[in-house]
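Here is a short briefing on one protein chain. Take a look at the model before reading on.

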Amino acid sequence: MHFIFEVHIRPGYSAEQYADAWVRASELIQRSPGAQGTRLHRKIGDSNVLLAIATWESKAVRDAMEAQQPAAVQSIIASQAEFVDIHLVGEFEAPEWEVIPVS
């Protein structure tokens with residue numbers, strides 16, 4: 001499953017500063033059972049909007065991690081709260097099929 005959210009950087013802060021915190025938190029979160037990677041994308045034309053995608057084996061394993069989130073991760077997230085606004089796009093099932101171009 002994919003957990004997708006948009007991050008809006010507030011004035012006086014930068015996407016690079018947020019990305020540093022994102023990497024530190026992600027390195028810890030990715031040690032959790034069922035974690036399958038994270039990506040952070042910058043919006044074309046607006047460098048203060050980021051799209052975050054976290055991939056998990058299932059919603060259940062992601063919810064389990066969230067319920068028992070390590071204190072270090074909570075601390076990193078809390079340290080960013082005053083600098084960003086986060087909007088959940090949604091939780092999406094892995095597709096039953098994908099269209100991938102042939103090289």
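The notes below go from the whole chain to the sheet, the helices and a few single residues.

This is a predicted model: local features need pLDDT of at least 70, side-chain atom pairs count only at pLDDT 80 or more, and totals for chains, interfaces and linings use all residues. Residues are numbered from 1 along each chain as its sequence is written, and side-chain values use heavy atoms, with hydrogens and water left out. The chain has three helices and four strands. Their order from the N terminus is β-α-β-β-α-α-β. Helices (H or I, at least four residues) and strands (E, at least two) are DSSP runs, numbered from the N terminus.

**Whole chain**

- The C-alpha atoms fill a box of roughly 40 × 35 × 20 Å along the principal axes.
- Of the 103 residues, 31% count as buried. Buried means under 20% relative accessible area, exposed means over 50%, and partly exposed lies in between (1.4 Å probe, protein chains only).
- The chain exposes about 6,900 Å², and carbon and sulfur atoms supply 56% of that area. Accessible areas come from the Shrake-Rupley method with a 1.4 Å probe; for residues, only the protein chains shown count as cover.
- Among contacts with a separation of 6 or more, 68% come from residues 24 or more positions apart. A contact means heavy atoms within 4.5 Å.

**Sheet**

- Four strands form an open, antiparallel sheet in the order E2-E3-E1-E4. Two strands pair if DSSP finds at least two bridges between them.
- Strand E2 (35-43) and E4 stand at the edges with a single partner strand each, so one side of each has no neighbour in the sheet.
- Neighbouring strands are turned by 20° against each other on average, direction ignored. Axes are lines fitted to C-alpha atoms, for helices over the stretch in contact, and angles run from 0 to 180 degrees between N-to-C directions.
- E2 and E3 pair over seven bridges. Strand E1 (residues 2-9) and strand E3 (residues 46-56) also pair, over seven bridges.
- Eight bridges join E1 to strand E4 (residues 84-92).
- Glutamate 6 has leucine 51 as its bridge partner in E3. In E4, glutamate 6 stands opposite histidine 87.

**Leucine 51 and the surface**

- Leucine 51 sits in strand E3, where histidine 41 stands opposite it.
- Leucine 51 is partly exposed, because its relative accessible area is 30%.
- Leu51, Val89 and Phe92 make a nonpolar surface patch of about 230 Å². Patches are made of residues with over 30% relative accessible area and no salt bridge; like charges are joined within 9 Å, nonpolar side chains (Val, Leu, Ile, Met, Phe, Trp, Tyr) within 5 Å. A salt bridge is a side-chain nitrogen of Lys or Arg within 4 Å of a carboxyl oxygen of Asp or Glu.

**Helices and buried residues**

- Helix H1 (residues 15-29) lies across E1, E2, E3 and E4, and runs at about 175° to E2.
- Tyrosine 18 belongs to helix H1. Tyrosine 18 counts as buried because its relative accessibility is 6%.
- Beyond four places in sequence, tyrosine 18 touches Phe5, Val7, Ile9, Tyr13, Leu40, Leu50, Gln80, Val84 and Ile86.
- Tyrosine 18 and histidine 87 are 69 residues apart in sequence and 15 Å apart in space, C-alpha to C-alpha.
- Glutamine 69 lies in the loop between helix H2 (59-67) and helix H3 (71-80). Glutamine 69 is buried, at 13% relative accessibility.
- Beyond four places in sequence, glutamine 69 touches Gln74 and Ile77.
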